[in-house]
Amino acid sequence: MIDVAIIGGGPTGLAAAIRARMDGLSVVLFEPKATPIDKACGEGLMPPALSALARLGIEGIEGLPFKGIRYIDGNASAERAFSMGPGLGVRRTTLQNALHSRAEELGVVFRNERVKTWSQSADFVEVEGIKARWMLGADGLHSPIRNELGLALPSRGPRRVGIRRHFNIQPWSSFVEVYWSPHAEAYVTPIGPEQVGVALLYNQDAQKPEGEDAWTRWFACFPELADRLGSSCSTPRGAGPFEQRARSAQSGRVLLVGDAAGDLDPITGEGIRLGLETAEAAIETIIHDQVSDYNRRWRQLTRTYWWLTSGLLFIRQRPALRKRIVPTLQRWPRLFQWALDTLNRS
């Protein structure tokens with residue numbers, strides 16, 4: 001019998017596997033897709049995410065540092081630098097390769113297959129004929145494991161979705177720039193000396209601008225940005241709806257980590273950090289024989305994210321408030337700094 005079976009080989013699943021091997025646990029990770037796995041992502045690693053990667057023995061990832069966040073709405077803009085030091089813009093595939101290489105180095109056993117059958121008893125979990133003391137569901141936003149456990153809850157807000165593309169252009173800012181429009185946001189992340197990533201987030205049910213495809217329609221909300229960027233060098237990649245809720249992050253011998261345990265929205269850019277930290281917490285509770293405490297640990301790690309993200313979405317859905325957010329952050333820089341520091345301390 002092995003110690004841990006992990007379902008899903010994205011950053012969260014790989015982080016859990018790495019941490020488990022660092023603590024001497026035997027691990028089998030199930031993932032049908034070949035590395036590197038790409039995914040629609042803002043591709044900005046906040047300072048706590050870099051700290052979490054360093055704890056896994058992963059440093060010096062190829063990318064481009066950024067100082068902080070700049071919000072832009074028409075002629076109004078507000079920017080603040082991170083107190084903890086810079087974040088890092090990095091291609092999702094580059095991050096995936098770094099985590100996968102570290103997992104291989106530590107002896108993680110990979111099974112390149114989709115999990116079709118699994119079951120749990122009081123003493124073990126059986127996954128495709130392999131018995132494990134514990135199983136981690138790291139199978140993403142629309143987690144089949146979460147649904148099979150009966151833990152999924154209905155969403156409460158609008159169906160928010162996103163699209164990401166890359167542009168070969170020298171970054172013009174050392175900040176991640178967030179452009180606001182009445183119905184969408186554009187997130188511009190410097191990810192290399194001659195490349196930026198752009199992620200568009202919008203309400204799927206909103207009245208759609210004219211255009212032949214989703215990217216063209218919503219990118220038209222940001223004409224000055226579109227003129228600056230020119231032609232894309234990558235095909236669009238989409239994700240969502242983002243809001244996924246769960247009644248618990250654990251059921252018996254199965255622990256949910258990362259997006260599988262629930263997600264609200266990427267508007268604060270904390271997805272990778274939460275995946276890494278919840279994976280770390282899950283393995284820690286296994287190591288210390290405190291698995292019954294995992295759900296509390298998960299809520300503790302994600303509380304600030306849910307609170308601040310809920311607040312931003314509340315503002316986003318109300319035009320009168322949305323128009324005031326960037327001028328308010330410009331007028332009250334200490335409020336902006338407090339919000340950044342609160343997220344980066346959580």
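**Cavities, a helix and a tyrosine**

Modeller: The second largest cavity is lined by P171, W172, S173, F175, E177, V188, T189, P190 and V196. This is a predicted model, where local features need pLDDT of at least 70, side-chain atom pairs count only at pLDDT 80 or more, and totals for chains, interfaces and linings use all residues. Residues are numbered from 1 along each chain as its sequence is written, and side-chain values use heavy atoms, with hydrogens and water left out.

Biologist: What makes that space a cavity, and what makes a residue part of its lining?

Modeller: On a 1 Å grid over the protein atoms alone, a 1.4 Å probe fits at its points but cannot get out, so it is a cavity; lining residues have an atom within 4 Å of a point. Its volume, the space filled by probe spheres set on the points, is about 50 Å³. Strand 15 (residues 184–192) gives the most to this lining, with three residues.

Biologist: How many cavities does a search of the whole structure find?

Modeller: Three of 30 Å³ or more. G258, D259, G262, D263, G271, L274, W298, T302, Y305 and W306 line the largest cavity. Helix 8 gives the most there, with four residues.

Biologist: How do you know how many of those residues are nonpolar, polar or charged?

Modeller: Asp counts as charged, Leu, Trp and Tyr as nonpolar, and Gly as polar. The largest cavity's lining divides into four nonpolar, four polar and two charged.

Biologist: What makes helix 9 a helix, and how does its reach compare with the expected span?

Modeller: A helix is a DSSP run of H or I, at least four residues. Helix 9 (residues 319–331) has 13. The expected span is 1.5 Å times one less than the number of residues.

Biologist: Where does helix 9 bend?

Modeller: At I325, by about 35°. That is the angle between axes fitted to the seven residues ending there and the seven starting there. A proline, P327, follows within four residues. I325 is also buried, as are R322, V326 and L329.

Biologist: Why is Y202 called buried?

Modeller: Buried means under 20% relative accessible area (1.4 Å probe, protein chains only). Y202 has 8%, so Y202 is buried.

Biologist: Which residues is Y202 in contact with, leaving aside neighbours within four places in sequence?

Modeller: R159, R160, V161, I163, H183, A184, A214 and W218. Contact means heavy atoms within 4.5 Å. Y202 itself sits in strand 16 (residues 195–203).

How values were computed
Helices (H or I, at least four residues) and strands (E, at least two) are DSSP runs, numbered from the N terminus. Buried means under 20% relative accessible area, exposed over 50%, partly exposed in between (1.4 Å probe, protein chains only). On a 1 Å grid over the protein atoms alone, a cavity is a set of points where a 1.4 Å probe fits but cannot get out, and a pocket is an open set with protein on both sides within 12 Å along at least five of seven lines; lining residues have an atom within 4 Å of a point.
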